[in-house]
Amino acid sequence: VGLWQNSYYGDGVIIGVLDTGIWPERPSFTDSGLSPVPDTWKGICETGPDFPASACNRKVIGARAFYKGYQSHLGHSIDETKESKSPRDTEGHGTHTASTAAGSVVSNASLFGFARGEARGMASKARIAAYKICWSFGCFDSDILAAMDQATADGVDVISLSVGATGYAPQYDHDSIAIGAFGAAAHGIVVSCSAGNSGPGTYTAVNIAPWIITVGASTIDREFPADVVLGDGRIFGGVSLYYGPPLPDFKLRLVYAGDAGNRYCYMGGISPSKVQGKIVLCDRGGNARVEKGAAVKLAGGLGMIQANTAESGEELIADAHLVPATMVGEIAGNKIREYVKKSPFPTATILFRGTVVGPSPPAPKVAAFSSRGPNHLTPEILKPDVIAPGVNILAGWTGFAAPTDLDIDPRRVDFNIISGTSMSCPHVSGLAALLKKAYPKWSPAAIKSALMTTAYTLDNSGSTIKDLATGEESSPFGHGAGHVDPNRALNPGLVYDIDNDDYIAFLCSIGYDSNRIAVFVRGPTGSDICEGKLATPGDLNYPSFSVVFYSNDHVVKYKRTVKNVGTSVDVVYTAKVNAPAGVEINVSPCKLEFSGENKTLSYEITFASDGLGLHAVDSLQAFGSIEWSDGVHLVRSPIAVRWAQGLKDSI
């Protein structure tokens, strides 16, 4: 029993993956044992010189490429000697995301022997429709929107979009993904998007429209340890996917790249006379991580230790280095640098330990790169929504480019291990496909609600999920409702549902007029479109709570409606509140009695800023939760509270 079995592994559900295309020959896209292409499918398989009709099958049921916006930007046609105009993936990213969401079962998968085992997508019997929207110079708004509209017309059930705006999220009506997702959601399609890789700064999350599932990235309980052993016997843990000739079995001289020309190890920036035959300590940042090792190799160095700076903290990303190399966290990096400086004859080696799965270090943790809230457009909507695996993820890869994507790397692989919210998004897209199969009548908002209210916030050691950027506990601005829990999402008990009219009422509440709303509904709107306007954007029936106390506003009230989707019709749910420090919360009613006649019930939640309690709040924000339980189900919503700057002084 479980989400896989109860949904037949997502058989027949169609996931539209909007990305860099697909490399269809990979074993993840075999269609053996799959039933025929679903009757609901209306799409096509675009062919080209390198993409024959046989590239599509019962797994990859459709493929298209969108490049009019790209060519308009270029001012000329695509150079087909450098990238394919067909849906073929010459970059790798799209093949990785598609196989993560819906890859078929592949035994004995690995990258150079790392992470060896059975690879499968979240929904291994779902179908993939690949829409190539990203090119070597980026992904263009018109191509993204055209592909989202086409995917909707083609009959996809889920859209997976590991793409986002650079910089802060644009206004919803200037955001092609938000506009396309609104239309898709209106047609019953779940849209799952990456939160972005601009963390750990605040307000960095993108794809934050409330009709999108916004997914942050977390670690998993699998590591690729490669330890640094210093001449004085100290050992510092690092990670690496290096595969190749080992270092000699004695310690080598260790030099800091900052003393050899360039601390970041830029290509051609290191003096060969200073690094020849040595291990070089390079600082992270400035250039590609694997390029640093290539620069060391070019200068005659034999190995590399890459040290994080404060920007990345203790976040370790494993890379398939071209030279024996490892990455260490900021704390270890500072100690190794100090050792090089103070020791008259510093030496080191690197011990590569392969693949280790287990409880140490605890997982999941929020990746430092994962973009964060608060929501900079609508602070009353908490973003991101959830986190999912996004660090060191094994999935399919292109046959055109190296695992490092660097021209200097001649290697080609079936599977690659990479990191990003691009990897976490398709995990959730696949889970949404499974839920769609298990509950075909559920709306996209109900599916999102099930994933959010069943998410967990404790790691595998029983402690609150930590943030790799700080080493401290993560907050809902990092992890949203928590880490997705697929099997629990199958039986959420209650769901917070939202329909198209509710989203329009939300847009009205943030000041959008009929002209701005026309962008979303794709046509003229009457001046009365905002008659059903919400009193506050926080009244949208969202499965989480985000509250801002402004200087004149010490009490905030939100309304919510929940629908009983459990097997028991007559059931009573009771509220349990974990109030954030400095806030008093009242829930009315605090008991919800469902019956055959009353499948849907409402409650009001009041947040009052408590002047006395504020002295206990260290910062201008605090967190808590509300849990509804019938003794079987636990329906949890996070609460994030912020005091507008200067308010605490005035209370």
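**Entry 1. Phe 545**

I began with Phe 545, which is buried at a relative accessible area of 0%; I use buried for under 20% relative accessible area, exposed for over 50% and partly exposed for values in between, with a 1.4 Å probe and protein chains only. The model is a predicted one, in which local features need pLDDT of at least 70 and side-chain atom pairs count only at pLDDT 80 or more, whereas totals for chains, interfaces and linings use all residues. Residues are numbered from 1 along each chain as its sequence is written, and side-chain values use heavy atoms, with hydrogens and water left out.

I located Phe 545 in strand β27 (residues 545-549). Strands (E, at least two residues) and helices (H or I, at least four) are DSSP runs numbered from the N terminus. I then listed the contacts of Phe 545, contact being heavy atoms within 4.5 Å. Leaving out residues up to four places away in sequence, Phe 545 touches Leu 382, Tyr 558, Arg 560, Tyr 603, Ile 605, Phe 607, Ile 626, Ser 637, Pro 638, Ile 639 and Ala 640.

**Entry 2. Domain record**

I looked up the UniProt record, an unreviewed entry, which lists residues 10-480 as "domain: Peptidase S8/S53". UniProt positions are in the numbering used here, feature names are shortened, and annotations may be inferred rather than shown by experiment. Over residues 10-480 I recorded 21% helix and 22% strand, with the end C-alpha atoms 26 Å apart.

**Entry 3. Backbone exceptions**

Most peptide bonds are trans, and most residues other than glycine have a negative phi. I looked for departures from both.

The peptide bond joining Gly 199 and Pro 200 is cis, with omega about 5 degrees. Pro 200 sits in the loop between β9 (190-194) and β10 (213-218). A cis bond also runs from Gly 373 to Pro 374, where omega is near -5 degrees; Pro 374 belongs to the loop between β21 (365-366) and β22 (386-389).

Asn 207, also in the loop between β9 and β10, has a positive phi of about 55 degrees although it is not a glycine. I found Asn 207 buried, at a relative accessible area of 2%. Tyr 9, likewise not a glycine, has a positive phi of about 60 degrees. Tyr 9 lies in the loop between α1 (3-6) and β1 (14-19) and is partly exposed, at 23%.

**Entry 4. Ser 218**

I placed Ser 218 in strand β10 and recorded it as buried, with 0% relative accessibility. The side chains of Ser 218 and His 483 make a polar contact of 3.5 Å. I count as a polar contact a pair of N or O atoms within 3.5 Å; within protein, one must be able to donate a hydrogen and the other to accept it, and residues adjacent in sequence count only if both atoms are side-chain atoms. Among the other residues that Ser 218 touches are Pro 364, Lys 365, Ile 387, Pro 389 and Gly 390.

**Entry 5. Arg 263**

Arg 263 is in the loop between β15 (252-256) and α6 (272-275). I recorded a relative accessible area of 34%, so Arg 263 is partly exposed. Its side chain makes a polar contact of 2.7 Å with that of Asp 283 and one of 2.9 Å with that of Tyr 264. Beyond its neighbours within four places in sequence, the residues in contact with Arg 263 are Tyr 256, Ala 257, Gly 258, Cys 282, Asp 283 and Thr 309.

**Entry 6. Helix α3**

I found ten of the ten residues of α3 buried. These include His 93, His 96 and Ala 102. Their cover includes β1, β5 (127-132), β23, β24 (415-418) and α9.

**Entry 7. Second largest pocket**

Of its 38 lining residues, Met 122, Ile 220, Arg 222, Pro 389 and His 427 are closest to the centre. A pocket is an open set of points on a 1 Å grid over the protein atoms alone where a 1.4 Å probe fits, with protein on both sides within 12 Å along at least five of seven lines; lining residues have an atom within 4 Å of a point.
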